[in-house]
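Please look through the structure below before reading on.

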Amino acid sequence: MEQRHLGRTGLRVSRIGLGTLTWGRDTDEHDAAEQLKAFWDAGGTLVDTADVYGAGEAEYLLGRLTGTLVPRQDLVIATKAGSVPDPYRRVDGSRGHLLAALDASLERLGTDYVDLWQIHAFDPVTPLDETLQALDLAVSSGRVRYAGVSNFSGWQMAKAATWQLAAPGLRTRLACTQMEYSLLQRGVEREVLPAALDLGVGLLPSSPLGRGVLTGKYRTGTPSGSRGASEQLAPFVEPYLDDPARRIVDAVSTAADGLATTALNVALAWVRDRPGVVAPVIGARNARQLTEALSVETLSLPDEICRALDDVSAPVHRYPDQDWSTL
């Protein structure tokens with residue numbers, strides 16, 4: 001699998017990442033092992049998790065499999081901290097919480113360092129410089145090699161990246177930002193992606209298949225066993241089942257038919273090769289589904305297909321996101 005630099009850093013990662021959101025909850029150790037082995041066999045290196053996935057079980061599972069099934073040195077392990085199971089405070093970006101969460105993650109992962117540590121979301125209560133100092137302390141202590149953020153808006157990410165760049169050698173530059181990005185969700189193109197490109201911050205798209213909708217599985221209804229049929233995840237899928245989304249899914253399926261491939265591969269190839277994207281992070285129910293997604297490595301979309309998909313999914317960007325003189 002092709003490797004790409006993570007932002008403006010020396011770290012190289014596979015251009016597809018393996019997500020572990022369901023590990024320890026819907027994905028047991030056997031299925032997780034099959035996924036990790038299939039991913040590694042295909043040349044994948046970037047494995048993304050978080051301290052809240054499966055209430056810590058995702059990290060624990062990954063830790064059990066690393067070193068026994070797959071060599072630790074062959075993986076780029078990325079985890080996150082900051083999300084908390086508190087309905088009154090969903091994010092805790094305080095230095096104390098973040099550093100304690102990192103120690104707990106390392107223990108569950110069974111490693112003394114993670115390759116990439118990300119702040120899971122912006123905390124409007126904690127001063128940003130305090131949150132970012134946790135990144136600096138984590139890197140300087142050797143427990144973290146590279147740092148990033150997740151779910152930060154354009155101004156939040158730009159402020160954080162600029163603050164870190166203001167003291168080179170003393171503060172750790174942001175390597176990446178993880179955001180939802182797909183043909184069904186192009187909101188990052190408004191501010192986040194332009195800022196990331198300017199500041200040398202790589203983009204790791206989550207939900208690159210539009211929460212599963214871009215595979216075409218919902219075109220004729222909601223299949224049993226799918227996320228849309230799950231009581232817990234149905235509200236997660238439902239926003240992408242409206243008429244505009246159906247038109248985009250139809251276009252993806254038409255392109256797939258013309259290229260003799262799958263809608264999954266077309267949608268994944270589109271986001272993988274967008275400017276600023278480092279590695280879409282994909283989650284799969286099983287190794288068979290993951291292997292199908294990894295076959296995208298051999299696919300490059302023709303320019304005319306890319307333009308057609310761009311047009312059918314184009315978000316409305318007006319002032320001030322376009323050149324004001326053309327409006």
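**A walk through the model**

Leaving aside residues up to four places away in sequence, glycine 276 touches Leu193, Leu197, Gly202 and Leu203, where contact means heavy atoms within 4.5 Å. Glycine 276 sits in the loop between H9 and E10; helices (H or I, at least four residues) and strands (E, at least two) are DSSP runs, numbered from the N terminus. From glycine 276 to leucine 203 the C-alpha to C-alpha distance is 6.0 Å, although 73 residues separate them in sequence. Glycine 276 has a relative accessible area of 27% and is partly exposed. On this scale buried means under 20% relative accessible area, exposed over 50%, and partly exposed in between, with a 1.4 Å probe and protein chains only.

This is a predicted model, in which local features need pLDDT of at least 70, side-chain atom pairs count only at pLDDT 80 or more, and totals for chains, interfaces and linings use all residues. Residues are numbered from 1 along each chain as its sequence is written, and side-chain values use heavy atoms, with hydrogens and water left out.

Glutamine 118, in strand E6 (residues 114-119), is buried, with a relative accessible area of 0%. Its side chain is joined to that of glutamine 178 by a polar contact of 3.0 Å. A polar contact is a pair of N or O atoms within 3.5 Å; within protein, one must be able to donate a hydrogen and the other to accept it, and residues adjacent in sequence count only if both atoms are side-chain atoms. Not counting residues up to four places away in sequence, the residues that glutamine 118 touches include Asp48, Ala78, Gly148, Cys176 and Leu204. Alanine 81 is also among the residues that glutamine 118 touches. Alanine 81 lies 9.5 Å from alanine 100, C-alpha to C-alpha, and the two are 19 residues apart in sequence. Alanine 100 belongs to helix H3 and is partly exposed, at 47% relative accessibility.

Another helix, H2 (residues 57-65), has Ala58, Glu59, Leu61, Leu62, Gly63 and Leu65 buried. These buried residues pack against H1, strand E4 (46-48), strand E5 (76-81) and helix H3 (95-109). After H2 comes glycine 67, with a positive phi near 95°.

Next come the charged side chains. Side chains of opposite charge can pair when their charged atoms come close. A salt bridge is a side-chain nitrogen of Lys or Arg within 4 Å of a carboxyl oxygen of Asp or Glu, and by this rule there are 21 salt bridges. One of them joins arginine 15 and glutamate 297, with 3.2 Å from N to O. Because arginine 15 lies in the loop between strand E2 (12-14) and strand E3 (17-19), and glutamate 297 in the loop between helix H10 (287-294) and helix H11 (303-313), the pair ties together parts that are 282 residues apart in sequence. Arginine 15 is buried, at 8% relative accessibility, while glutamate 297 is partly exposed, at 24%. Both belong to a network of salt bridges that links Glu2, Arg4, Arg15, Arg272, Asp273 and Glu297.

Which residue forms a salt bridge with aspartate 41? The partner is lysine 37, and the closest N and O atoms are 3.0 Å apart. Both residues lie in helix H1 (residues 29-41), 4 residues apart, about one turn of the helix. An α-helix has 3.6 residues a turn, so residues three or four places apart point the same way. Lysine 37 is partly exposed, with 31% relative accessibility. A further salt bridge, at 2.9 Å from N to O, joins glutamate 189 and arginine 186, and both of these residues are buried.

The last topic is the pockets. The largest pocket is lined by 48 residues, with Leu21, Thr22, Ser207, Arg227 and Phe236 nearest its centre. On a 1 Å grid over the protein atoms alone, a pocket is an open set of points where a 1.4 Å probe fits, with protein on both sides within 12 Å along at least five of seven lines; lining residues have an atom within 4 Å of a point. H10 gives the most to the lining of the largest pocket, with 5 residues.
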